[in-house]
Amino acid sequence: MNKSKPLPLTRRRLFSRAGEGLFGAALTQLLCDDFFGGTSALGSETLPHDQGALGGHNLRPKLPHHPATATSVIQLFMNGGPSQMDLFDPKPTLNRMDGKAYPGNPEDLGNFGTAGIGVMMGGRYQFERHGECGMWMGDPLPHTSKMVDDLCMIHSMWTDHPNHDNALYKIHSGRLFMGYPTLGAWTTYGLGSENQNLPAYVVLSDPLGIPKNGTRNWTSGFLPQVYAGTPFRPTGSPILHLKPQYEQPSPVTDTARQLLRQLDEIHRQDRPYQPDLDSRIESYGLAARMQLSASEALDLSRESQKTKSMYGVGEKPTDSYARRCLLARRLVERGVRFVQIFLEEQPWDSHVDLGPNHRAACERTDKPVAALLQDLKQRGLLDSTLVIWGGEFGRTPTTQKTGDIYTGRDHNMQAFTSWMAGGGVRGGLSYGATDEFGHKVVENPVSVHDFHATILHLLGLHHHKLYFERSGLEERLTGVEEPHVVTDIIG
């Protein structure tokens, strides 16, 4: 009589025999407690901050390097390159030279080649001073202009490349090439999340399409995938399959999930130093937890009609952007660490007909952006939420020839304007300056690395201490050249 050798009791066999039965779950719970001390792959405890050697990659909250003024970020990214001299940085000299030849060397404009350079082009809009601070703003932004006393306007941004792809990689990841973690990924790697039932890093893209460079704008690069941005669907339900396929008593569900967490931890302990495994376990756990809480967070019907009207929900052309701004507020209100809102492709890229094109982009975004600032402020959230507005570069003071048309501006990497609000920055401040044409930075230059180091500083992270070991190198968001935190803009 042949006696077959008993099969080893593997995780798969345990589940096939115990199933989801309450008795099997209870028995395994006791065994896990006996042999593994009740360890859990998930939790909400605050962990010490040692980014050189994390014991596992997850989204549990971590201590910052120093006291933070901001605990969350909403990045309103304006893909394509808004024109600084038309919206924020008025130049009377440029206006007086409208239609005249560029007085300098066209090669100084900073783009590849000079064949398409036209004549000087004055500002397309009227400017007025606003607020107690007297900040200048163009007339396509009537709603944002009411919030200028909360804005820190940085006129002296500059970057390293005049092409969209490379400039986008730079502003999001600090490098000119693809494959590096973005600012949002570094933030969640460094700080985790206050809410374990929602993604730490959420991306709200446009129903009209994804932005230039697509998912590379929110990639985790060489960081574990758990730190990548989670895109929510722009139409219909933001997240599919939130509702379980079948209902069962809560105690059974809770016990089964606790059992699974402990079995995952056993599996993980036998396979150390595998960040992909950590990320997969964390992602599956987050998906399960989201079934319990995400539906409430994403339900805009819970907002009053007054609030929705303030944002422009249900109105044209603001409805889509308004919904995403309102959703961003609901997410940071619930502890989400980093939220990005994108437009489709690159609507600010106005090589032709800049006047009507920029005005159309402002009509879509101006009212929702101002409402977001106002809403955060009245709820006491603006102090701890850093709001960032800007694109990847600016525009030239000259027109660009497109066929026989000279009605738009080309890319300008040597100067552009971004603004911040909340999160510890000084409101009502205009920082830095450009030359008389708005072409080059002449006062208090702010590089992209400086920009990133300042954002990290506001979040309680030191740009040098936040690193990831890869191939013997300590990789950082801010690269190898020492950046400068722009302390003058911090309140």
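Is Asp-139 buried, exposed or partly exposed? Asp-139 is partly exposed, with a relative accessible area of 36%. Welcome to this predicted model, a chain of 491 residues of which 55% count as buried.

**The chain as a whole**

- The chain holds 12 helices and 17 strands.
- Among contacts with a separation of 6 or more, 78% are between residues 24 or more positions apart.

**The open sheet**

- Eight strands make up an open sheet with mixed pairing, and their order is S7-S6-S8-S1-S9-S12-S5-S13.
- Strand S7 (230-232) and strand S13 (429-431) each have a single partner strand, so these two stand at the edges and one side of each has no neighbour in the sheet.
- From one strand to the next, the twist averages 20°.
- Helix H12 (residues 448-458) lies across strands S5 (151-157), S9 (385-390) and S12 (416-421), and runs at about 165° to S9.

- Side chains of opposite charge can pair when their charged atoms come close.
- Across the whole structure, a search finds 26 salt bridges.
- Asp-139, from the opening question, has a salt bridge with Arg-359 (3.2 Å, N to O).
- Asp-139 sits in the loop between strand S4 (135-138) and S5, while Arg-359 belongs to helix H11 (residues 354-378), so the pair links parts of the chain 220 residues apart.
- Like Asp-139, Arg-359 is partly exposed, at 32% relative accessible area.
- Glu-194 and Arg-337 form another salt bridge, with their closest N and O atoms 3.5 Å apart.
- Because Glu-194 is in the loop between helix H6 (183-191) and S6, and Arg-337 in the loop between helix H10 (319-333) and strand S8 (338-341), this pair ties together parts 143 residues apart in sequence.
- Glu-194 counts as exposed at 55% relative accessibility, whereas Arg-337 counts as buried at 5%.

**A buried pair and a network**

- Asp-206 and Arg-324 also form a salt bridge, their closest N and O atoms being 3.1 Å apart.
- Asp-206 lies in the loop between S6 and S7 and Arg-324 in helix H10, so parts 118 residues apart in sequence are tied together.
- Both Asp-206 and Arg-324 are buried.
- A network of salt bridges links Glu-303, Arg-329, Arg-330, Glu-333, Arg-334, Asp-375 and Arg-379.

Conventions. Residues are numbered from 1 along each chain as its sequence is written. This is a predicted model: local features need pLDDT of at least 70, side-chain atom pairs count only at pLDDT 80 or more; totals for chains, interfaces and linings use all residues. Side-chain values use heavy atoms; hydrogens and water are left out. Helices (H or I, at least four residues) and strands (E, at least two) are DSSP runs, numbered from the N terminus. Buried means under 20% relative accessible area, exposed over 50%, partly exposed in between (1.4 Å probe, protein chains only). Contact means heavy atoms within 4.5 Å. Two strands pair if DSSP finds at least two bridges between them. Axes are lines fitted to C-alpha atoms, for helices over the stretch in contact, and angles run from 0 to 180 degrees between N-to-C directions. A salt bridge is a side-chain nitrogen of Lys or Arg within 4 Å of a carboxyl oxygen of Asp or Glu.
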